[in-house]
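Q: I have a model open and would like to go through its ligand sites. Can we take them one at a time?

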Amino acid sequence: MVNDYIYSKYAHKLQVVILILLALPNKGRISKPVNEILEKAGLKISVHGRSLFAKTVDEEIKVMFARAKDIPEFVRDGVADVGVTGYDLMLERGTEDELEMLLDFKFGNARLVIAAPENSPVNSIDDITNKMKIATEFPGLTKRYLESKGLDLEIIELSGATEIAPFIGVSDLICDLTSTGTTLKLNRLKEVDNVVSSTTRLVANKKSMDDHLKRVKIDQIVSGIKSVLYAQTKRLVMMNAPKSKVSEITAIIPGMGGPTVSEILSNNDMFAINAVIDENKVFETVSNLEKLGARDILVLPIERIL
Ligand SMILES: Nc1ncnc2c1ncn2[C@@H]1O[C@H](COP(=O)(O)OP(=O)(O)OP(=O)(O)O)[C@@H](O)[C@H]1O
Ligand SMILES: O=P(O)(O)OC[C@H]1O[C@H](OP(=O)(O)OP(=O)(O)O)[C@H](O)[C@@H]1O
Ligand SMILES: [Mg+2]
């Protein structure tokens, strides 16, 4: 596009430093994986101790650290242009329609569920009455969900460890996250209804997306993250193979756009072959390659695929 051309040619001359502020969780389970992905995408963040602002290798992208639950509103209100948070947290703050959903990291998988003590007569949403009380870290989401079921219970907001509430007389039910199900089981709670599934998301401020110069930068962040997420499921397989077997071997390694075959100068009878294959195909493919006479087989992780 013409605008891209102008930006690429003249922005630095115009001393236009487009500052993209990226909001990242400062702690909690999604903080580390997100930072690792950004690092692999080449967007190294220079963190200094507990400082809640950080530079990145790109002078036009700065990072601010905040609690994941606050990031949806920071991005919605334009405090940050882009942010990483959980879909559940976006819903809890009622911001899901006010944010641009850029990508799903496909981790941080959790379900928000309504749960009751194992010996409770409540076994489904139909057994819940307005006389009951429900404890949760997600009062907004819980209220919206219960209203959608025609229910209006007293909601007790807690800041964590919700599972204890039914056993200390605080509530009859809870609405909390479950992932492996371990916490519910260990606390003798049973799932009664599923409210919503959540994963970690990258979201953007709508006005920032409409600003062309910011959009160019945001698109670079998205493509960098996508290249890492895509590469996570792939492996580079490299091998040497007898020339006589090359067609049989290349037939079993689908590879992206076909395997690469090259001469080995020191050995006329062998070719070097490499290909990118799905990680879940590696075990079967490598044993088939060995059977076909391939040797010196290497399986390597890939940082990014663009
Ligand atoms: N047990 C879990 N399994 C998977 N994802 C979870 C789990 N608990 C929370 N999450 C997700 O982690 C995201 C970030 O949540 P947050 O950082 O506030 O919680 P946390 O990582 O549990 O930190 P904290 O220790 O403060 O509770 C949320 O979107 C949430 O859905
Ligand atoms: O199904 P599981 O794998 O057991 O995970 C579910 C638990 O994870 C979260 O707790 P967290 O560890 O975040 O503590 P918190 O309740 O203080 O946030 C959530 O609140 C549940 O308690
Ligand atoms: Mg938690």
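Q: Which atom of ligand 1 does a polar side-chain atom of R67 approach, and at what distance?
A: This is a predicted model, and in it a polar side-chain atom of R67 lies 2.5 Å from an oxygen atom of ligand 1. D88 also has a polar side-chain atom 2.5 Å from an oxygen atom of ligand 1.

Q: And what does the side chain of S179 do around ligand 1?
A: There the ligand contributes a nitrogen atom, which is 3.4 Å from an N or O atom in the side chain of S179.

Q: How many residues surround ligand 1, and which are the closest?
A: Ligand 1 is surrounded by 15 residues, of which R29, R67, G86, D88 and S179 are the closest. Divided by class, the shell around ligand 1 consists of five nonpolar, six polar and four charged residues.

Q: OK, switching to ligand 2, then. What surrounds ligand 2?
A: The residues around ligand 2 are R29, E137, A161, E163, D176, L177, T178, S179, T180, G181, T182 and T183. By class, that shell has two nonpolar, six polar and four charged residues.

Q: Which elements supply at least two residues each of that shell around ligand 2?
A: Those are β10, spanning 173–178, and α6, spanning 182–186. The strand β10 gives the most to the shell around ligand 2, namely three residues.

Q: What about R29, how far is its side chain from an oxygen atom of ligand 2?
A: An N or O atom in the side chain of R29 is 2.6 Å from an oxygen atom of ligand 2. E163 likewise places a polar side-chain atom 2.6 Å from an oxygen atom of ligand 2, while for E137 the distance from a side-chain N or O atom to an oxygen atom of the ligand is 3.4 Å. Taken alone, ligand 2 exposes 490 Å², and the protein buries 66% of that area.

Q: Last topic: what does UniProt place at residues 67–226?
A: The UniProt record, an unreviewed entry, places the feature "domain: ATP phosphoribosyltransferase catalytic" at residues 67–226. In the model, the chain over residues 67–226 is 29% helix and 31% strand, with its end C-alpha atoms 23 Å apart.

Conventions: Residues are numbered from 1 along each chain as its sequence is written. Chains are lettered from A and ligands numbered from 1 in the order in which they are written. This is a predicted model: local features need pLDDT of at least 70, side-chain atom pairs count only at pLDDT 80 or more; totals for chains, interfaces and linings use all residues. Side-chain values use heavy atoms; hydrogens and water are left out. A residue is near a molecule or strand if one of its heavy atoms lies within 4 Å of it. A polar contact is a pair of N or O atoms within 3.5 Å; within protein, one must be able to donate a hydrogen and the other to accept it, and residues adjacent in sequence count only if both atoms are side-chain atoms. Accessible areas come from the Shrake-Rupley method with a 1.4 Å probe; for residues, only the protein chains shown count as cover. Helices (H or I, at least four residues) and strands (E, at least two) are DSSP runs, numbered from the N terminus. Ala, Val, Leu, Ile, Met, Phe, Trp, Tyr, Cys and Pro count as nonpolar, Asp, Glu, Lys and Arg as charged, and the others, Gly among them, as polar. UniProt positions are given in the numbering used here, feature names are shortened, and annotations may be inferred rather than shown by experiment.
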